[in-house]
Amino acid sequence: MYCSVQDLIDAFGEKELISLSNRDVPGSTVNVDVVNKAISQAQAEIDVYLEGRYPLPLASTPIILQQISQDLTRFFLHTRIDDDHPVSKRYNQRIRLLSEISKGKCSLGLDVENKVAMTADTVQIAPGRSVFGGRDW
């Protein structure tokens, strides 16, 4: 799985998960079965986008994939949601990102073993001087 119930609690709060997972009657705890079903739905949707580009299952889960899974799961936990709702907008943004990943326009940053690649050569950015608007321009 790309995310867990605890990941969702950490990201969105236990109160929201209790509310979303106890649809029929008010509850005082997270309904783990409902949340796990939504997590499975999110993983299945993500896999549709990844399967042509990456061998599944992945050996490790990049942080961005965990975040995508959390947002998709949150969307699936809602029973009725308008297109202009922030959760719906976030879902659509994540689907666009998955589409870009599936087309190769974005990468998950995995190495040949499908593990998160740790690069030694990284770009470093340092503040410099302004070249516009000065006397030398």
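Predicted model: local features only at pLDDT ≥ 70, side-chain atom pairs only at ≥ 80, totals over all residues.
**Helix H2.** Begin by selecting residues 14-21, which form helix H2. Colour Leu17, Ile18, Leu20 and Ser21, the buried residues of this helix.

**The nonpolar core.** Next, display side chains in the largest nonpolar core, a set of 31 residues. Pick out Leu50, Leu65 and Leu72, the members that touch the most other members. The elements that supply two or more residues to this core are H1, H2, H3, H4 and H5.

**Leucine 65.** Keep leucine 65 selected and hide its neighbours within four places in sequence. Which residues is leucine 65 then in contact with? They are Tyr2, Ile46, Leu50, Leu58, Leu98 and Leu108. Leu50, listed here as a contact of leucine 65, is also named with it among the core members that touch the most others.

**The loop between H3 and H4.** Move to proline 57, which lies in the loop joining H3 and H4. Show the backbone from leucine 56 to proline 57: the peptide bond there is cis, with omega near 0°.

**Glycine 104.** Finish with the segment that follows helix H5 (86-103), where glycine 104 is placed. Glycine 104 has a relative accessible area of 42% and is therefore classed as partly exposed. Draw a C-alpha to C-alpha distance from glycine 104 to arginine 53: the two are 7.7 Å apart in space, although 51 residues separate them in sequence.

Methods: Residues numbered from 1 in each chain as written. Heavy atoms only, no water. Helix = DSSP H or I, 4+ residues; strand = E, 2+ residues; numbered from the N terminus. Buried < 20%, exposed > 50% of the residue type's maximum accessible area, 1.4 Å probe, protein only. Core = buried A, V, L, I, M, F, W, Y, C linked by side-chain atoms within 4.5 Å. Contact = heavy atoms within 4.5 Å.
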